[in-house]
Amino acid sequence: METKTFGVVGAGQMGNGIAQVAATSGLQVIMSDIKEEFVQRGLANITNILTKNVEKGKISLEEKDAVLGRIKTSIDLKDMADADYVVEAATENEPVKFQIFRDLDAICPPHVVLASNTSSIPIVRIAAQTKRPNQVIGMHFMNPVPVMKLVEVIRGLATSDETFQITWDLAIKFGKTPALSNDYPGFIANRILMPMINEAVYCLYHGVGTREDIDTVMKLGMNHPMGPLTLADFIGLDTCLAIMEVLYEGFCDSKYRPCPLLRKYVEAGWLGKKSGRGFYSYQ
Ligand code: CAA
């Protein structure tokens, strides 16, 4: 069945980016969150980016209005009953995601695919919360969603070929390049990215280099757009730690142990850009 209305659960950094690319591709979008202020903040962010794109001459004012006109916001998950495909982009927390999938399974018509933007929680565990595990899949966007070209598509044990194909085709419709990953801790993206970031934190912890030198080496030496410590601040140190824990527990392998300094920063509430302080200060 053709996807006409695309549901996004969560209006935060990832959710509003996903809503923007879906609406830009011509789909009707329902973006939900638990509080009106969260959906309004998400919508304001989308409006802001589209306004900048108009100023840069990338899109016309009419196109901006048309994209915004396709986005409906909601603070009632039951509104997802009108969507043909739903992607969950709530906080990276198992009990929260599990409850959303149980609720969506009860709310959404039987043909609807339920995808998760999880960066590391096994799809098989999320799928097991529903009575439609064959229609559950990982659709992992990268931050900032409107800019990054990749969508990592994660097939769970029970994901059907049809669910996979619908998801793959949607990623292409959104102007992204999909890549397929099987369902192992961290998938492909974070299996490789997070140990690199964690190692950068170890370099700081062991005094191998200052934060600036560590970032400069990776930026200028490896041509990364951001140094690993800046990137960790951008992603959120709590998210980085949570993903390292998933790798560590999932593989029972000490090579994935989170750096004690990363844990200390998170315990101090130094979560990166969003809290005003991480490896760098953002006051
Ligand atoms: N939303 C929308 N657009 C944005 C944006 C945002 N948050 N941030 C930047 N942009 C746009 C800018 O408007 C600009 O657009 P134009 O080319 O049209 O002018 C373009 O991106 C480049 O931005 P800047 O010139 O301001 O800065 P930059 O060249 O340093 O690029 C960046 C910024 C794209 C974020 C770049 O630094 C980058 O690619 N960083 C690495 C990002 C990355 O690795 N993301 C993956 C994180 S991991 C993840 O998401 C998954 C996970 O599970 C943890």
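1. The domain assignment divides the chain into domain 1 (5–181) and domain 2 (190–274), the bounds being taken from an automatic or database domain assignment. This is a predicted model, in which local features need pLDDT of at least 70 and side-chain atom pairs count only at pLDDT 80 or more, while totals for chains, interfaces and linings use all residues. Residues are numbered from 1 along each chain as its sequence is written, and side-chain values use heavy atoms, with hydrogens and water left out.

2. On the relation between the domains, the centres of domain 1 and domain 2, taken over C-alpha atoms, are separated by 27 Å. Across the boundary, 6 residues of domain 1 are in contact with 4 residues of domain 2, where contact means heavy atoms within 4.5 Å.

3. The ligand lies between domain 1 (5–181) and domain 2 (190–274), because both of them give residues to the shell around it. There are 17 residues around the ligand, and those that come nearest are Lys56, Lys58, His140, Asn143 and Asn190; a residue is near a molecule or strand if one of its heavy atoms lies within 4 Å of it. Helix H7 (189–205) and helix H9 (228–235) each supply at least two residues of this shell, helices being DSSP runs of H or I with at least four residues and strands being runs of E with at least two, numbered from the N terminus.

4. By class, the shell holds 11 nonpolar, 4 polar and 2 charged residues. In this scheme Ala, Val, Leu, Ile, Met, Phe, Trp, Tyr, Cys and Pro count as nonpolar, Asp, Glu, Lys and Arg as charged, and the others, Gly among them, as polar.

5. A polar side-chain atom of Lys58 lies 2.4 Å from an oxygen atom of the ligand, the corresponding distance for Asn190 is 2.9 Å, and for Lys56 it is 3.0 Å. Taken alone the ligand exposes 1000 Å², of which the protein buries 60%; the accessible areas come from the Shrake-Rupley method with a 1.4 Å probe, and for residues only the protein chains shown count as cover.

6. Asn143, one of the residues that come nearest to the ligand, is joined to Pro144 by a cis peptide bond with omega of about 0 degrees. Pro144 is found in the loop between strand S6 (136–141) and strand S7 (150–155), and Met148 also has its place in the loop between S6 and S7. Leaving aside neighbours within four places in sequence, Met148 is in contact with Met142, Asn143 and Lys176. Met148 counts as partly exposed because its relative accessible area is 36%, where buried means under 20%, exposed over 50%, and partly exposed in between (1.4 Å probe, protein chains only).

7. Most residues other than glycine have a negative phi, and most peptide bonds are trans. Phe187, although not a glycine, has a positive phi of about 55 degrees; Phe187 sits in the loop between strand S8 (177–182) and H7, and at 4% relative accessibility Phe187 counts as buried. Asn223 likewise has a positive phi, near 60 degrees, but lies in the loop between helix H8 (211–222) and H9 and, at 69% relative accessibility, counts as exposed.

8. Beyond four places in sequence, the contacts of Lys97 include Glu88, Ser116, Thr118 and Ile121.

9. Helix H11 (residues 260–267) holds Leu262, which is buried with a relative accessible area of 2%, and Pro260 also has its place in H11, where at 38% relative accessibility Pro260 counts as partly exposed. Not counting residues up to four places away in sequence, Leu262 touches Asn198, Val201, Leu237, Cys240 and Leu241, whereas Pro260 touches Tyr202 and Tyr205.

Methods:
Polar contact = N/O pair within 3.5 Å; in protein donor to acceptor, adjacent residues only side chain to side chain.
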